[in-house]
Amino acid sequence: MRNLVRRALLGTRGVAAIEFVLVFPVFLTLVFGILETSRLMWQQVSMQRGVATAARCGALGTTGCVTDLEIKNKAVSASAMSGLAVSNITLNRTATCGIQVAAARQFTFFIAIRGISPITISAQACHPVLK
């Protein structure tokens with residue numbers, strides 16, 4: 001009996017499984033955190049690119065960028081899958097810097113994070129009118 005207790009206390013069987021159980025949740029949290037942050041940054045940069053392209057297009061007055069709706073549609077099409085909608089875009093033709101295009105929308109994480117999700121991401125760009 002004494003030998004059995006000693007073997008159970010000093011044995012190393014199952015140590016890998018216990019280490020796995022302790023380390024795996026931390027590893028998964030780190031991986032999913034990196035993925036969610038990457039997705040957030042990708043959508044932010046995509047939205048910024050969309051409003052910058054729309055502001056430039058509106059300031060130059062090129063074909064397809066004359067009316068407010070056309071400029072907003074340009075922002076949506078240039079923002080490549082960022083989830084941006086025309087209703088989320090504001091356009092100011094009387095800004096001191098020229099034509100100003102701004103957008104804001106809610107970003108929801110795949111994994112609900114209490115107190116953080118959803119968050120608002122926004123982008124703004126201004127381009128001087130060249131006429």
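**Exercise 1. Find what share of the residues of the protein chain counts as buried, and describe the overall form of the chain.**

Solution. In this predicted model, 26% of the 131 residues of the protein chain count as buried. The next step is to list the elements: the protein chain has 3 helices and 3 strands, and read from the N terminus they follow the order α-α-α-β-β-β. The radius of gyration of the protein chain is 26 Å, whereas the globule rule gives 14 Å for 131 residues, and therefore the chain is more spread out than a compact globule. The spans of the C-alpha trace along its principal axes are about 95 × 25 × 20 Å.

**Exercise 2. Describe the accessible surface and the charged side chains of the protein chain.**

Solution. Begin with the accessible surface of the protein chain, which comes to about 9100 Å², with 65% of it belonging to carbon and sulfur atoms. Then turn to the charges: there are 13 positive and 4 negative side chains in the protein chain, and 11 Å lies between the centres of the two sets.

**Exercise 3. Classify the aromatic pairs that the structure holds.**

Solution. A pair of aromatic rings is described by the distance of the centres and the angle of the planes. The structure holds 2 aromatic pairs. For Phe 20 and Phe 24, the ring centres are 4.9 Å apart and the planes stand at 25°; since planes under 30 degrees apart count as stacked, this pair is stacked. Phe 20 and Phe 24 are 4 residues apart in helix 2 (residues 15–60), so about one helical turn separates them. Phe 24 has a relative accessible area of 33% and is partly exposed.

For Phe 107 and Phe 109, the ring centres are 5.1 Å apart and the planes stand at 90°, so this pair is edge-to-face. With a relative accessible area of 1%, Phe 107 is buried, and Phe 109, at 11% relative accessibility, counts as buried too.

**Exercise 4. Decide whether Gln 43 is buried or exposed, and name the residues with which Gln 43 is in contact, leaving aside its neighbours within four places in sequence.**

Solution. First locate the residue: Gln 43 belongs to helix 2. Its relative accessibility is 7%, and because buried means under 20%, Gln 43 counts as buried. Once the neighbours within four places in sequence are set aside, the contacts of Gln 43 are Met 81, Ser 82, Arg 105, Phe 107 and Ile 121. One of these contacts, Phe 107, is the buried residue with 1% relative accessible area whose ring forms the edge-to-face pair with Phe 109.

Notes: Residues numbered from 1 in each chain as written. Predicted model: local features only at pLDDT ≥ 70, side-chain atom pairs only at ≥ 80, totals over all residues. Heavy atoms only, no water. Helix = DSSP H or I, 4+ residues; strand = E, 2+ residues; numbered from the N terminus. Rg over C-alpha atoms; globule rule 2.2 N^0.38 Å. Buried < 20%, exposed > 50% of the residue type's maximum accessible area, 1.4 Å probe, protein only. Areas by Shrake-Rupley, 256 points an atom, 1.4 Å probe, with all protein chains shown as cover. Lys, Arg positive; Asp, Glu negative; His and termini not counted. Charge placed at Lys NZ, Arg CZ, Asp CG, Glu CD. Phe/Tyr/Trp six-rings, centres within 6.5 Å; stacked < 30°, edge-to-face > 60°. Contact = heavy atoms within 4.5 Å.
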